[in-house]
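Here is a friendly briefing to read alongside the model. Please keep the sequence and the 3D view open as you go.

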Amino acid sequence: MRASASVLSMWIALGICRPSIANADEPIRCDLGPALAHRSRPQPLNDWRPASIGSIDSAKVPITVHWQQGVSLEYAKQILSYAEFAWNVEINQMKFRAPLPDHGIGGSDNLDIYVVTTLPHGVGGYTGFSNFADASLKTGYGYINISDVLLPAYIRGVVAHELFHTIQMAYTWWEEPPLLEGTATWVVDHVVPDEKYYWHYFPYFNSKPYHSLNYTSQTDAYQYGNALWFTYLDEHVGQGDGGFVRELFESLAKLPVDYRSHYFDTLKAQVGGDGAMQKLYSEFGFWRVELGSREDHRHFAKGSDWNLTVNPSIELTASPGLSTASGQESNGIEAYGQAIFSIARNTAKPIRSHFIFAGASTGDYSIGAVLRSPTGNSLIEPQAFKGGDPVTIDLEPASNVNEILFTVSYFGDTNTNLDLNQFPAKGFAYRLENSSAAEGQSIKN
C-alpha cells in the first residue's frame with residue numbers, strides 16, 4: 001500500500017522546466033501536492049484544487065484549462081494546445097485509456113489543468129488525485145497543475161508527462177513510482193521526440209545500477225530514469241509503438257484491489273515467466289551501457305557509442321604492472337540490480353585475463369561481457385550461475401580490444417518479491433587475474 005498520495009510526482013533534472021531562467025542547471029521538480037491522506041477521508045476531495053479566475057474548454061478533447069490571477073490568457077491557450085497534442089498522441093494514436101471524467105469537481109466533467117503562479121521555485125507542475133472513480137477503489141481521477149513560468153522548450157514534455165499520470169489513474173491507483181514515473185517519463189519521447197527532455201533522467205538511473213528496478217529513491221530522480229527500462233522493453237520486446245507498455249497497464253487493470261503494487265509480477269508473466277525475465281534483464285545490462293548518442297534524434301539504438309555522461313562504473317586505477325586485483329562491492333546488488341565492471345586493456349601489451357566473480361547470496365545471477373575495440377563490439381552472452389559458487393570467465397581477446405565490460409545481474413532467490421518493496425542488497429567479491437603484466441592497465445568496478 002502506498003505510504004502517501006503524493007506519489008505521482010515529477011522530479012525534473014538538469015535545468016528542465018527551470019522557471020524563467022534560460023539554460024539553468026538547477027534541478028527542477030514537478031511534484032504532487034497532498035491528495036489522498038487516507039482511504040477513509042470524506043469525499044469528494046476537491047479542496048486541494050487551486051482557485052481560478054477564468055477557464056477555456058478544448059473544442060477537440062475533454063480538457064478544460066483554468067488560470068490564476070497573473071497568468072496570461074495566451075499562456076493558458078498555449079498549455080491547452082500542448083495538452084490537446086499530447087492527448088492525440090497518447091490516447092488517439094497510442095490507444096491508452098482516456099482520463100476518467102471527474103463529475104464536475106473542476107466545473108465540468110473534463111480533465112482540469114490549472115495554470116498557477118503559486119508553485120514553489122523549481123517546481124514545474126504536479127498531478128493531483130481527486131477521488132476514486134469506482135466502488136472497488138481501483139481507479140481514480142485527478143487534475144494537473146502547471147507552472148506559469150516554464151521555459152518554452154520544455155512545456156510540451158511537462159504537459160505530456162502529467163497527462164500520462166491521469167491516464168494511469170484510469171487503469172489503477174495502487175502502483176508504485178518506478179512504474180508510474182518511469183512510464184510517464186518514457187511516453188514523452190513519443191509525444192515530443194524532437195526534445196532531449198526525457199533522457200536527462202537516465203544518469204540518475206544508470207549511475208546506480210545496483211539498485212532494483214522497483215526501487216524508489218527519496219533523494220534523486222532514480223525512478224524517473226527508470227524510463228530507460230521501459231524504453232528498452234518498448235523497443236526490444238515490443239514494436240516501439242507503446243503497445244507493450246499499454247498491455248502491461250491493461251493487465252494491471254484486471255487485477256483485484258489489495259492496495260499494493262503488482263507491476264513486477266505482472267511484467268514477468270507478460271514476458272513469459274521467470275526465465276524469460278532473467279534473460280531479458282541480463283541483455284538489458286548490455287543495452288544500458290551501449291546506448292550512446294541518440295544519433296537518429298528519436299530512439300536509442302543498441303550498439304551505439306557509450307555516452308560517458310551516464311557511466312555507471314566507478315573507476316579504480318591500478319598501479320603500473322598490475323597482474324592481479326580484487327575487491328568487494330560496498331553497495332552490494334539488490335534483486336534485479338546489476339554491477340558493471342570495466343577493464344581497460346593496454347593493446348600494446350595484450351594479456352590473458354581471468355575474471356572471477358562470487359555472489360554472497362545463494363540466489364540466481366548471470367554474467368556476460370562486451371569486448372570493445374575501434375572496429376566494433378562483440379558480446380559474450382550472459383551465463384547463469386548461483387551465488388556462493390564463484391564463476392570464472394577466461395578471456396584472451398583480440399589484440400585490438402581495448403576494453404572489456406562485464407555486466408553482472410542478480411535476480412534474488414525464491415523468497416524475492418519486488419512488489420512487496422523488499423530490496424535487501426547482497427554483497428559480492430571479484431578478482432581479476434592476468435597471466436602477464438600490462439603496464440598502465442586500469443580497472444573500473
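The protein has 10 helices and 17 strands. Keep in mind that this is a predicted model. Of its 445 residues, 58% count as buried. Looking at contacts between residues at least 6 apart in sequence, 73% join residues at least 24 apart.

**Helices H7 and H8**

- Helix H7 covers residues 227-237, and helix H8 covers residues 243-253.
- The axes of H7 and H8 are 8 Å apart where the two helices pack, and the angle is about 110°.
- An angle of 65 to 115 degrees counts as roughly perpendicular, so H7 and H8 are roughly perpendicular to each other.
- On the H7 side, the residues that meet H8 are Phe230, Leu233, Asp234 and Val237.
- Their partners in H8 are Gly243, Phe244, Val245 and Leu248.
- Sorted by type, the residues of this contact are 6 nonpolar, 1 polar and 1 charged.

**Thr231, a residue of H7**

- Thr231 lies in helix H7.
- Is Thr231 buried or exposed? With a relative accessible area of 3%, Thr231 counts as buried because the cut-off is under 20%.
- Setting aside residues up to four places away in sequence, Thr231 touches Trp186, Phe202 and Trp287.
- Val187 is 44 residues from Thr231 along the chain, while their C-alpha atoms are separated by 8.9 Å.

**Tyr263, a residue of H9**

- Tyr263 lies in helix H9, which spans residues 263-271.
- The relative accessible area of Tyr263 is 0%, so this residue is buried.
- Which residues does Tyr263 contact, leaving aside its neighbours within four places in sequence? They are Glu175, Leu179, Asn214, Trp229, Phe230, Leu248, Leu252 and Asp419.
- Two of these partners, Phe230 and Leu248, also take part in the contact of H7 with H8.
- Tyr263 and Phe249 are 14 residues apart in sequence, and their C-alpha atoms are 8.6 Å apart in space.

**The cavity**

- Rolling a probe the size of a water molecule over the atoms shows where empty space is left.
- How many cavities of 30 Å³ or more does a search of the whole structure find? The search finds 1.
- The largest cavity holds about 30 Å³ of space.
- Its lining is made up of Lys138, Thr172, Trp174, Glu175, Pro256, Val257, Asp258, Tyr259, Arg260 and His262.
- By type, the lining of the largest cavity divides into 4 nonpolar, 2 polar and 4 charged residues.
- Glu175, one of the lining residues of the largest cavity, is also in contact with Tyr263.

**The second largest pocket**

- The volume of the second largest pocket is about 170 Å³.
- This pocket is lined by 15 residues, and those nearest its centre are Lys268, Asp274, Phe411, Asp413 and Thr416.
- Two or more lining residues come from each of helix H9, helix H10 (274-287) and strand E15 (403-412).
- Which element gives the most to this lining? Helix H9 does, with 3 residues.
- The lining of the second largest pocket divides into 4 nonpolar, 5 polar and 6 charged residues.

Note on methods:
Residues are numbered from 1 along each chain as its sequence is written. This is a predicted model: local features need pLDDT of at least 70, side-chain atom pairs count only at pLDDT 80 or more; totals for chains, interfaces and linings use all residues. Side-chain values use heavy atoms; hydrogens and water are left out. Helices (H or I, at least four residues) and strands (E, at least two) are DSSP runs, numbered from the N terminus. Buried means under 20% relative accessible area, exposed over 50%, partly exposed in between (1.4 Å probe, protein chains only). Contact means heavy atoms within 4.5 Å. On a 1 Å grid over the protein atoms alone, a cavity is a set of points where a 1.4 Å probe fits but cannot get out, and a pocket is an open set with protein on both sides within 12 Å along at least five of seven lines; lining residues have an atom within 4 Å of a point. Grid points are joined across faces, edges and corners, and a volume is the space filled by probe spheres set on the points. Ala, Val, Leu, Ile, Met, Phe, Trp, Tyr, Cys and Pro count as nonpolar, Asp, Glu, Lys and Arg as charged, and the others, Gly among them, as polar. Axes are lines fitted to C-alpha atoms, for helices over the stretch in contact, and angles run from 0 to 180 degrees between N-to-C directions. Angles under 35 degrees count as roughly parallel, over 145 as roughly antiparallel, 65 to 115 as roughly perpendicular and the rest as oblique.
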